[in-house]
Amino acid sequence: MEDGRETAAMREKERRDRQIALENTDSDIGLCGWILVLFSILLTLLTLPLSIWMCIKIVKEYERAIIFRLGRILRGGAKGPGLFFILPCTDSFINVDMRTITFDIPPQEVLTKDSVTVSVDGVVYYRVQNATLAVANITNADAATRLLAQTNLRNVLGTKNLAEILSDREEIAHSMQSTLDDATDDWGIKVERVEIKDVKLPQQLQRAMAAEAEASREARAKVIAAEGEMNASRALKEASLVIAESPSALQLRYLQTLNTIAAEKNSTIIFPLPIDMMQSFLKR
């Protein structure tokens, strides 16, 4: 744990040092650069008030502007929101959207740890945390994050078996989010959330799993039916012992059965005869 914290602290320190270095590069434009800057300022003053419309720029609340002066990032880093000024001919700027961006991870064919091929897709939520690093350290932060998410999804799922993928989606998503966040930290990207959307299994595997589940349910049903029969036989045994103690109770049970049959308006009535009486006729 301590080694992990020290590593994270070192990475954060390196990131801040790079950001400070990027934000303080305009002081190294050289003599020719300062001459061009002064010439641009003079040109702006001579063409007032027309040039003022080229110098004033507006950045929305959810955007930040990275200003480049003679190809170097202007001191102070990102500007905005609100108004800011640039010099014509020497300055250019790039707007960076700071809002949370979502994208779908295309379905990835993954071979699991137990050699099962599954198709898994997901969704990633991220935002630009540092506009300066997102512009200066990578060509296209959005495309790079998308490709990294696809690769990371395949790598993480390749270390899991099918049962873990189906049951531990939250753990897999959290692992992906931590890995992506660490990998994109140098790009000024903050990965806020990763979700596993769907896990698609081959048709043959689905049929096999369905057959296995059906067989398991049938086995449980047979066990439950057998337990019911056993409980019923025990109850009948106890009832027979009670009836055997009182012969009149058996006769009352006969009459109750006849009453139940007659209530259903049946045309056939069955009269039970004691087995002892039948045995006397058979002996004759």
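Reader: What separates D142 and R146 in helix α5?

Author: Being four residues apart in helix α5, D142 and R146 are separated by about one helical turn. An α-helix has 3.6 residues a turn, so residues three or four places apart point the same way. Before we go on, please note that this is a predicted model, in which local features need pLDDT of at least 70 and side-chain atom pairs count only at pLDDT 80 or more, while totals for chains, interfaces and linings use all residues. Residues are numbered from 1 along each chain as its sequence is written, and side-chain values use heavy atoms, with hydrogens and water left out.

Reader: Why is the pair D142 and R146 called a salt bridge?

Author: The term requires a side-chain nitrogen of Lys or Arg within 4 Å of a carboxyl oxygen of Asp or Glu. In the pair D142 and R146 the closest N and O atoms are 2.8 Å apart, so the pair meets that definition. The structure holds seven salt bridges.

Reader: What makes D142 partly exposed?

Author: Buried means under 20% relative accessible area, exposed means over 50%, and partly exposed is in between, with a 1.4 Å probe and protein chains only. D142 has 26% relative accessibility and therefore counts as partly exposed, and R146, at 31%, also counts as partly exposed.

Reader: Which parts does the salt bridge between E192 and R127 tie together?

Author: The side chains of E192 and R127 meet at 2.6 Å, N to O. E192 lies in strand β8 and R127 in strand β7, so the pair ties together parts that are 65 residues apart in sequence. Helices (H or I, at least four residues) and strands (E, at least two) are DSSP runs, numbered from the N terminus.

Reader: Which residues of α5 are buried, and what covers them?

Author: The buried residues of α5 are A141, A144, T145, A149, N152, L153, V156 and L157. Their cover includes β6, β7, α4, α6, α7 and β8, where contact means heavy atoms within 4.5 Å.

Reader: Why are the buried residues of α7 said to be on the same side?

Author: In α7, the buried residues are I172, A173, M176, Q177, L180 and D181. They cover an arc of only 160° around the axis, which puts them on the same side of α7; the arc is that of the directions from the helix axis to the C-beta atoms. These buried residues pack against β6, α5, α6 and β8.

Reader: What makes a set of residues a nonpolar core?

Author: Such a core is a set of buried Ala, Val, Leu, Ile, Met, Phe, Trp, Tyr and Cys residues joined through side-chain atoms within 4.5 Å. The largest one here has 35 residues, and those with the most contacts inside it are V118 and I196. Helix α5 gives the most to this core, with six residues. Apart from it lies another core, of six residues, among them V59, I67, L74 and F84. In soluble globular proteins, nonpolar side chains tend to be buried together.
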